[in-house]
Structures are given as structure tokens and as C-alpha cells.
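Subject: Structure for you to look at

Dear colleague,

I am passing on a structure that I would like you to read through alongside my notes. Please have the sequence and the 3D view open together while you go through them.

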Amino acid sequence: MALHRDIFWVGRQWAVTGAGIQAVDQRLRGVLDIEIARLWDDDLVQSRRAKPGVNAADFDKALTVARARFPQAPVSVPIVAQLEALGVIEAPVISPVVPALTLRAEGRLARFLPQWRIRR
């Protein structure tokens, strides 16, 4: 993946861009890049730092610049907890989240999947 058009800092091996931390070497095709949403995931950061060939000093500088540029989002309190704190809701809400739809067609050919139709 090419470097994002907004570049805030460039080191020898790493760059801080509008997409997060990206490797300057484009032959890696974005394998070691870290998105903005995952900058604060310490397990991911440690796994990237432990990869062979990573310049640790340059990576640490890029991480420091990126975390200063993109601060961690505050932990949002669910709306239900806020309404309970205000006294609007007295009874507990039972799972207001609808379960996500799961697709089970990955890795199979479409011609072998069962067909279904909507009747009017």
C-alpha cells in the first residue's frame, strides 16, 4: 500500500501519516503498518517491534509522534448507562444490540451453494 498523502513525520524506516504508522519501504505492501485505531494496542505494537529487520529506535520515535498526533479516544460510556445515571431508566435493558449477520460462503464456490428465492 502506498504512503498516505498526509505525511506528518518521516524517519529512516517508518513514517507517520494520516493512516497511522506506515513502513517507508513500499515493497512490504503494508504488512507492518499500524492503523490509527490500533496505535494504542500494546500487543500489536510489541509484535511489530519484535519483527526481524525493524529499526527499534526509529519505530519508537514514530510511535511517540503518532500517539502525540492521534490521542487515544476516550472510553465512551454506553447510552444505557448514561440514562440509568440520570434516572431516566429504572429497569435494566436486555441486550439492545441486534446480533450481526454471519456469512458462511467464504472459501466455497458459488455454484455449489444452495439457492434461495423470495416468493411474492
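Perhaps begin with F59, which is buried, its relative accessible area being 0%. Please keep in mind that this is a predicted model, and that everything below is computed from it.

F59 has an aromatic partner in W14: the two rings are 5.1 Å apart from centre to centre, with 70° between their planes, and the pair is edge-to-face. With a relative accessibility of 0%, W14 also counts as buried, since the cut-off for that word is under 20%. The pair links distant parts of the chain, as W14 belongs to strand β2 and F59 to helix α2, 45 residues apart.

The structure holds two aromatic pairs. In the pair of F8 and F70, the ring centres are 6.1 Å apart and the planes stand at 70°, so this pair is edge-to-face. Because F8 sits in strand β1 while F70 is in the loop between α2 and α3 (79-86), the pair ties together parts that are 62 residues apart in sequence. F70 is buried, at 16% relative accessible area, whereas F8, at 35%, counts as partly exposed.

Which residues of α2 are buried? They are D58, F59, A62, L63 and A66. Seen down the axis of α2, these buried residues fall within an arc of 135°, so they line one face of the helix. They pack against β1, β2, β3, β4 and α1 (42-49), while on the other side of α2 the residues A57, T64 and A68 are exposed.

Key. Residues numbered from 1 in each chain as written. Predicted model: local features only at pLDDT ≥ 70, side-chain atom pairs only at ≥ 80, totals over all residues. Heavy atoms only, no water. Buried < 20%, exposed > 50% of the residue type's maximum accessible area, 1.4 Å probe, protein only. Helix = DSSP H or I, 4+ residues; strand = E, 2+ residues; numbered from the N terminus. Arc of directions from axis to C-beta. Contact = heavy atoms within 4.5 Å. Phe/Tyr/Trp six-rings, centres within 6.5 Å; stacked < 30°, edge-to-face > 60°.
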